[in-house]
Amino acid sequence: MTNIVLLVVCFLAGMILRRTGRFPDSTPAALNGFIIHVSLPAVALLHIHDLRLDLSLLYSAAMAWFLFGAGALIFRVAGRLAALPRETTGALMLVGGLGNTSFVGLPMIEAYYGKEFLGIGLIADQLGSFLVLSTLGILTATLYSSGDVSVRQIARKIIYFPPFQALILAFLLKPVPFHPVAVAVLQKVGDTLTPLALASVGFQLQLSHMRGELKPLSLGLLYKLALGPALITLLFVGILGGSGPVMQVTLFEAAMAPMISAGIIAVDHRLNPPLVALMVGIGIPLSFVTLPVWWWLLRGV
């Protein structure tokens, strides 16, 4: 409950700061820069280092990859059919294809399934959503913001992406125990991610843009909150025969609202910031309505 209240407070703070004019228009760029270069790397170093790998959780790790891949295909086709600008299509791929499997996902898992299943959420987030964002997400953002770029440029973009560098470093340092002071510092720095990200999104959210973005907004939220999780359920349960509590929690994570960090990356690459702010700003509260429905539907899995 505390996480949800924090989410609302920081989101509203961003909106109020924009309306009162107390912060300059360049505020989101500054906040996003701090998140990408400081907050996200701290999160990667802390959680990947302590992550316990287990083959039984392969479904949980793979979920975000399938969800992003299917979303990229659907949004690419829909973008062409609807003649959407390439920046809008790229924004949909990033924000509509990746879920908020950590800040919203973990509290929801604890509320609906219990603390003993939080490990599944961490696998889905760190080896799923976060790793996809650091690789395919950066690839997508680069392609749809810059147009035609070389393989070398894309590889350079991914390699020099600070969270990706932190991710690799975390894996390399797994045999080395972190000093308690280092853990505490990383925890404190990583905790800045959600407040700053939500403030940034709230600062950029303008509901007056909804009319112009209604078509892609509806498409993005429909996929993220309904169609995407349904496709993953069909694949994992209907085709591959998965079942049990671990599968239920994995599919529950697939139904989470749009990923805040993906929105930050999309905005940083100038992929339709108004749409991104709407996707996150409307998607998160809307998910509080759709998630109980998914929990009820998944009880028989």
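User: Which residues of helix 10 are buried?

Analyst: Keep in mind that this is a predicted model. The buried residues of helix 10 are Leu193, Thr194, Ala197, Leu198, Ala199, Ser200, Val201, Gly202, Phe203 and Gln204. That makes ten of twelve, and helix 10 is mostly covered.

User: Why does serine 200 count as buried?

Analyst: Burial is read from relative accessibility, and the cut-off is under 20%. Serine 200 has 0% relative accessibility, so it counts as buried. This residue is found in helix 10.

User: What is serine 200 in contact with, leaving aside neighbours within four places in sequence?

Analyst: Pro28, Leu31, Asn32 and Ile264.

User: Now helix 12. Why is it described as largely enclosed?

Analyst: Count the buried residues again. Helix 12 covers residues 245-254, and eight of its ten residues are buried, so the rest of the structure largely encloses it. The buried set is Met247, Gln248, Val249, Thr250, Leu251, Phe252, Glu253 and Ala254.

User: What covers those buried residues of helix 12?

Analyst: The cover includes helix 3 (58-81), helix 5, helix 6, helix 11 (210-239) and helix 14 (273-297).

User: Which residues touch the most other members of the largest nonpolar core?

Analyst: The general idea comes first. In soluble globular proteins, nonpolar side chains tend to be buried together. Here the largest nonpolar core has 92 residues, and Met63 and Phe252 touch the most other members. Helix 6 gives this core its largest share, eleven residues.

User: What does methionine 63 touch, not counting residues up to four places away in sequence?

Analyst: Methionine 63 touches Thr101, Ala124, Ile232, Phe236, Thr250, Glu253 and Ala254. Of these, Thr250, Glu253 and Ala254 are among the buried residues of helix 12.

User: Last feature. How many residues line the largest pocket, and which lie nearest its centre?

Analyst: The volume is about 630 Å³. The lining has 28 residues, with His47, Ser102, Phe103, Asp191 and Thr194 nearest the centre. Elements giving two or more residues to the lining include helix 1 (2-20), helix 2 (27-50) and helix 10 (193-204).

User: How many lining residues of the largest pocket are nonpolar, polar and charged?

Analyst: By class, 15 are nonpolar, eleven polar and two charged.

Technical notes:
Residues are numbered from 1 along each chain as its sequence is written. This is a predicted model: local features need pLDDT of at least 70, side-chain atom pairs count only at pLDDT 80 or more; totals for chains, interfaces and linings use all residues. Side-chain values use heavy atoms; hydrogens and water are left out. On a 1 Å grid over the protein atoms alone, a cavity is a set of points where a 1.4 Å probe fits but cannot get out, and a pocket is an open set with protein on both sides within 12 Å along at least five of seven lines; lining residues have an atom within 4 Å of a point. Grid points are joined across faces, edges and corners, and a volume is the space filled by probe spheres set on the points. Helices (H or I, at least four residues) and strands (E, at least two) are DSSP runs, numbered from the N terminus. Ala, Val, Leu, Ile, Met, Phe, Trp, Tyr, Cys and Pro count as nonpolar, Asp, Glu, Lys and Arg as charged, and the others, Gly among them, as polar. Buried means under 20% relative accessible area, exposed over 50%, partly exposed in between (1.4 Å probe, protein chains only). A nonpolar core is a set of buried Ala, Val, Leu, Ile, Met, Phe, Trp, Tyr and Cys residues joined through side-chain atoms within 4.5 Å. Contact means heavy atoms within 4.5 Å.
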